[in-house]
Amino acid sequence: MSDISPEYVLKRLGKPVTDLNFWSSGSTQPFLLASYGENGGVDLWDLKTKRSACHIASHAPMLSCYGMNTGEVITFDKEGQLKLVKIRGAEAVNEVCLSTPNAGFCKAAVLPMHFDSSNAIKVAVPGEEMSSMNVWDLKNTKILSRLIPPDGFKLGMPMCSKLVNVHSNLVAFIGYEDGTMLKWDVTNEKVISKGERLFDEPVMTFDLCNDTALDSAQFGFCASATNELIKWHVETNFSKEANLNSKVEDFQIMKKISLLNPGIASLKIRSDKKIIATGGWDYKVRIFSFKSLKPLAVLQYHTGTVQTVAFSECLQSFGQLLACGSNDNKISVWKLYNS
Amino acid sequence: MMSTASANRSTRVCIREWINKLESNEYESRVTSDCLLHLIKQKVTKDDEQLLSALLENIINHANHDWISSLYSEVLVFDLLKNLPSEFSFLLLMARLHELSIGSRLEFVVSVLEKLFIGGCYRSLLVQESNVSTTSSHLWSKMITCIGALPDHVANKFQNPTKFRFFHSETFFIFLGVEIAQAISTLADVIKNGKEIKTEFISLNIGHFCLLGKAEYLFKALYPALITHCESNFLWQRIVQKCFLSVPDRQLESVLTFLFKHAPIPHCLPPILGDMVTKKAKAKYIILHKLLLLSNLSETTAAENVIGYISRLSNATFLLTETIKKLLEAWGNKSSIKHTTYQQHKYLTASILVCVGHLSRHTADKQTDGLLEHLMAGMRYHLESPDMKIRKLGMIVGEKVTELMSIPTKKDAKLLFEYDCDDETVKLISLCDPEDKPTSDFYQSQLNLFEKFKDDVSFKADVDDTTYSVAKSSFMEMAKAQKLQLTTAKDEEDNTSFEFSRPDDEVVDSDDELTPYNLPEEAAFSKASKPMYIRDCLEGLIDHKNQEEMEFCLTNVTHLVEVDVVAAKEIAVELFKVILNLQDNYAIDNFVQLRRSALCAVLVCNPKEVAEYVTMEFYSEHYNLQQRMDMLDVLVMSAGRLSTPETDKKGKNSEVQLVGDVNPDIDESSLPWQQVVEKRIEAKTKRFGKPRKPAGKSNPDQFGPVAGYFFYPLMSGYDRRIRTLDLLGEDSIILGRLLYALGTILYSTANSLVVEKMASSLLEFVAELRHHLESFVRKACIYCVSMATVSVPNVTRLLSSNAFDCRQWLCDVIKEDDDEDTRRASANALGLLDAKVRVELGMQAT
């Protein structure tokens with residue numbers, strides 16, 4: 001197939017992009033949420049008008065932003081401010097604001113609504129101690145669990161995390177600075193994986209999705225500051241009788257590929273499980289096939305590290321989009337493999 | 001006393017009677033046999049020998065033809081002779097051999113001789129003459145000469161190589177070697193029994209055969225025997241050492257040369273030769289002087305053996321130090337570096353390295369005082385040489401010898417040079433590690449070798465041997481064929497299994513229904529941005545803040561210059577200056593090539609000004625030799641590029657236009673009417689014969705007009721001496737390169753109008769330099785002459801003044817130049833010149 005170019009490019013002057021998420025809450029039209037470094041705050045880009053519909057200002061550099069189905073946006077910045085912001089038209093109102101310690105590089109991990117029936121907003125952010133993470137109930141501003149690695153683990157900072165529900169048990173996946181990935185039973189604050197190091201360098205990013213064939217298993221892709229990209233498979237068996245006796249499972253590496261240049265800053269799986277996208281330190285976005293990790297495309301547009309990539313759901317009149325945000329202050333939006 | 005005398009008398013009488021009887025019976029077969037049978041039983045003493053030899057002579061000369069060719073005649077004579085002293089039998093038969101002409105009598109004599117040798121007469125002769133009571137007689141040398149000459153005599157007489165295989169030079173001398181070894185073994189037993197022996201006779205034998213040039217065969221079996229037995233047996237050691245010590249001086253060289261050249265390991269020499277080198281001045285001269293300094297050997301084995309040998313003697317350190325001093329002196333001699341062949345010089349270097357290796361083992365008492373002086377001078381001359389290989393030798397020796405001397409420097413600081421390691425250097429460096437003591441396996445293998453040769457020359461189971469070998473070889477062939485079949489069958493199996501395994505992978509792949517986009521070629525990522533304009537590039541090169549930026553600028557200069565010629569032209573000289581002075585601070589890969597191609601691009605875009613600048617700078621002060629060589633290289637490269645017509649690019653363009661021209665969709669009405677009419681006429685005209693193809697478009701010669709700027713200024717200042725450049729002195733390497741550059745530039749101007757003038761001035765220039773001391777420069781001069789020959793359209797006109805001169809010089813070089821390569825180059829140039837003249841004069845090339 002021939003070369004590709006972005007559909008369009010969004011840009012807020014002078015602010016490097018740190019996080020992107022598509023957001024379509026209820027009846028509202030689809031937005032693209034973008035958080036910026038420095039004091040750029042968060043923008044809600046209207047995908048129709050290609051303009052910022054709402055701007056959430058911030059004094060600190062933003063780390064991440066996430067849109068809830070209920071019409072709120074969760075933002076997290078480098079000073080550790082975790083906020084729940086209600087969007088009313090062009091106006092943003094802070095509903096909850098709490099300070100967390102030790103914000104480093106780790107983005108806030110929000111449990112997606114469709115995973116949870118309890119209506120609580122569960123968010124994981126770094127905790128007080130080195131290597132620890134706290135899971136908050138954001139609405140009630142209360143810490144549900146503290147995920148402190150047991151003695152003997154020298155993990156360094158948490159770098160990236162994800163919350164999922166497996167058989168209505170909350171499970172946290174966390175990638176650490178020393179290259180280890182751990183799986184946590186959140187409710188019991190227990191590690192349920194062996195904790196082997198996948199990389200020699202920090203885990204920079206990962207994404208996972210359910211294995212459709214096996215309820216309790218997930219496929220995941222993770223990447224680090226090295227030039228390796230790993231696809232793994234992990235099973236979580238909670239015994240029905242007692243949650244306490246959950247078994248220790250490990251990540252099974254299914255495939256491993258090496259790129260020429262090291263460093264992948266961001267990675268996402270598209271919801272249809274056909275492709276994944278990675279954004280690299282070499283300014284390039286790469287598309288791989290989900291199944292075999294076969295390289296499919298290299299998107300060369302940016303002139304800075306691609307900090308974040310995001311896939312949209314299949315949006316009416318837009319199709320499935322891919323947004324890439326980079327240190328060069330630009331957000332490029334692409335349309336790929338829309339069947 | 002009386003009884004023996006009477007017995008003697010009776011023998012004598014008896015022989016006389018037989019002589020008469022034979023004569024009267026005209027040597028009838030039966031009588032002859034009877035006579036011999038009778039004599040075998042008789043006891044013959046020394047006094048009767050003369051008479052007996054007369055009898056045998058008569059028999060051989062006159063005996064009945066039938067008798068001579070009968071089988072038992074040989075046996076009878078052999079039986080008679082083997083009981084007599086060997087020297088008598090040998091001399092008698094060999095005298096017959098000389099006199100007889102080809103025929104059955106001669107064959108008879110030779111086969112008796114063969115029987116005698118195989119029967120061990122030679123061995124018993126050796127043992128007998130080693131008896132302490134014998135005195136060296138004049139017969140010795142006569143006999144040894146005769147034996148040594150036997151193969152030649154037999155070959156000359158019969159002129160038939162299939163006859164008497166025993167007397168083939170190789171077989172015969174191997175046999176003698178085996179016999180000598182066995183004689184020594186017997187002598188060892190004699191000593192064991194408390195008797196003394198003399199070794200002069202054996203020494204004479206060995207010496208004489210070696211002098212004849214048969215050492216190779218003689219030692220084939222003997223050497224392994226000596227090596228094995230001298231290692232383990234003290235008596236052997238004594239005898240053998242004495243043997244070699246008493247080899248006469250005039251024969252010593254051929255013996256020692258062979259021993260040292262062919263010793264499988266240096267360890268085996270000391271037991272064989274003992275400390276001969278200290279005992280005998282001649283031996284010392286041969287071993288330490290001739291073998292190391294004067295012989296022209298391509299293999300380093302001899303040097304290794306010589307030095308390995310002396311390093312195992314009692315006063316090794318002294319000898320080694322003395323030797324290395326001598327070697328270094330010869331090695332560092334300026335004129336020898338220039339005038340000996342590389343091969344020879346390498347041999348010298350190898351010797352030094354072996355010496356270093358052995359000396360470093362003798363840690364105590366290193367007398368390395370005088371070494372540094374010789375080394376330093378030598379190294380300097382080596383490093384100055386224009387020949388890379390010589391320089392490398394200098395570096396290796398420098399490193400190793402300083403390491404040996406362990407000059408007190410900073411901690412662990414060593415003299416280290418940078419040079420490419422090829423096979424040759426690795427081999428040379430490995431010489432510094434002396435070989436280990438051989439294992440018992442080695443001696444066993446040497447013994448086996450001796451046994452093998454012994455069997456080879458034993459001449460017994462000839463027929464069986466061949467039948468066996470034929471059977472064996474045919475069996476081997478069959479087995480081979482079967483094996484081959486087996487393996488091919490196996491291979492096929494492998495192939496099929498491989499094919500089976502393959503589709504699995506494809507299944508996985510085909511599952512991926514997504515087609516990839518065009519994937520760009522992966523390139524290593526770098527953050528620096530590429531310079532977009534030539535001026536940015538220039539600035540980047542001046543600042544060169546970091547490695548990436550500099551690398552980018554350097555790689556992109558060529559491209560940018562080609563893209564924007566106008567802008568590049570403006571700043572060409574400045575750009576050239578900056579790039580020329582660029583230092584490789586960041587150790588960029590291919591820095592030299594990158595810089596050179598960048599310089600070349602700049603020079604090509606503005607040849608006149610830049611060439612003027614370069615040629616001026618070439619003779620200015622503030623450059624190092626590498627930069628000057630770069631200048632020459634760049635000039636040559638650009639000249640080449642400018643003189644190549646750029647047909648490719650333009651050809652493509654015109655083709656594209658042509659397609660546009662014949663576009664059939666053009667509406668006719670839009671064309672002017674003349675074209676429409678022409679088109680119609682063209683369409684209706686029939687042409688017979690081929691349409692003429694348009695001649696290729698010619699481009700104006702780009703180089704001709706500017707060639708002068710490249711050429712003349714380079715010749716202008718060669719005799720000017722500045723602080724950093726002395727072309728006529730020590731920087732002859734630059735001078736040579738300059739000549740090569742001039743020659744090539746001249747060649748680039750071929751076909752232009754200026755070439756004749758340039759050629760004649762180049763020849764004049766060369767005339768002044770062609771007797772240069774350095775062969776590199778002389779070769780460059782020859783190159784220039786060749787280039788002038790090929791470049792000018794008409795040699796006869798151009799060279800009318802210089803022709804005889806140049807030709808004469810080339811002839812002289814062929815005749816008397818020191819350097820072989822130069823002579824060869826000169827011969828080529830001469831051939832070229834002559835061929836061209838012949839063509840111009842309309843003669844057929846011979």
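The legends below describe close-up views of a predicted model. Residues are numbered from 1 along each chain as its sequence is written, and chains are lettered from A in the order in which they are written. Local features need pLDDT of at least 70, side-chain atom pairs count only at pLDDT 80 or more, totals for chains, interfaces and linings use all residues, and side-chain values use heavy atoms, with hydrogens and water left out.

**View 1. The interface of chain B and chain A.** Chain A gives 23 residues to the contact and chain B gives 15 (contact: heavy atoms within 4.5 Å). About 2,000 Å² is buried between the two chains, 56% of it on carbon and sulfur atoms; buried area is the accessible area (1.4 Å probe) that two parts lose on being put together, summed over both. On the side of chain B that touches chain A, 8 residues are nonpolar, 2 polar and 5 charged. Here Ala, Val, Leu, Ile, Met, Phe, Trp, Tyr, Cys and Pro count as nonpolar, Asp, Glu, Lys and Arg as charged, and the others, Gly among them, as polar. Between chain B and chain A there are 0 salt bridges (a side-chain nitrogen of Lys or Arg within 4 Å of a carboxyl oxygen of Asp or Glu).

**View 2. The largest nonpolar core.** This core has 156 residues, and B:F117, B:F219 and B:F244 touch the most other members. A nonpolar core is a set of buried Ala, Val, Leu, Ile, Met, Phe, Trp, Tyr and Cys residues joined through side-chain atoms within 4.5 Å; buried means under 20% relative accessible area, exposed over 50%, partly exposed in between (1.4 Å probe, protein chains only). Beyond its neighbours within four places in sequence, B:F219 contacts residues including B:I206, B:L226, B:F244 and B:F258.

**View 3. The salt bridge of B:E179 and B:R123.** The closest N and O atoms of this pair are 3.4 Å apart. B:E179 lies in helix 10 and B:R123 in helix 8 (residues 121–129) of chain B, so the pair ties together parts 56 residues apart in sequence. Helices (H or I, at least four residues) are DSSP runs, numbered from the N terminus. B:E179 is buried, at 3% relative accessible area, whereas B:R123 is partly exposed, at 29%.

View 4. B:R824 is partly exposed at 47% relative accessibility, and B:D821 is partly exposed at 40%.

Note on methods. Helices (H or I, at least four residues) and strands (E, at least two) are DSSP runs, numbered from the N terminus.
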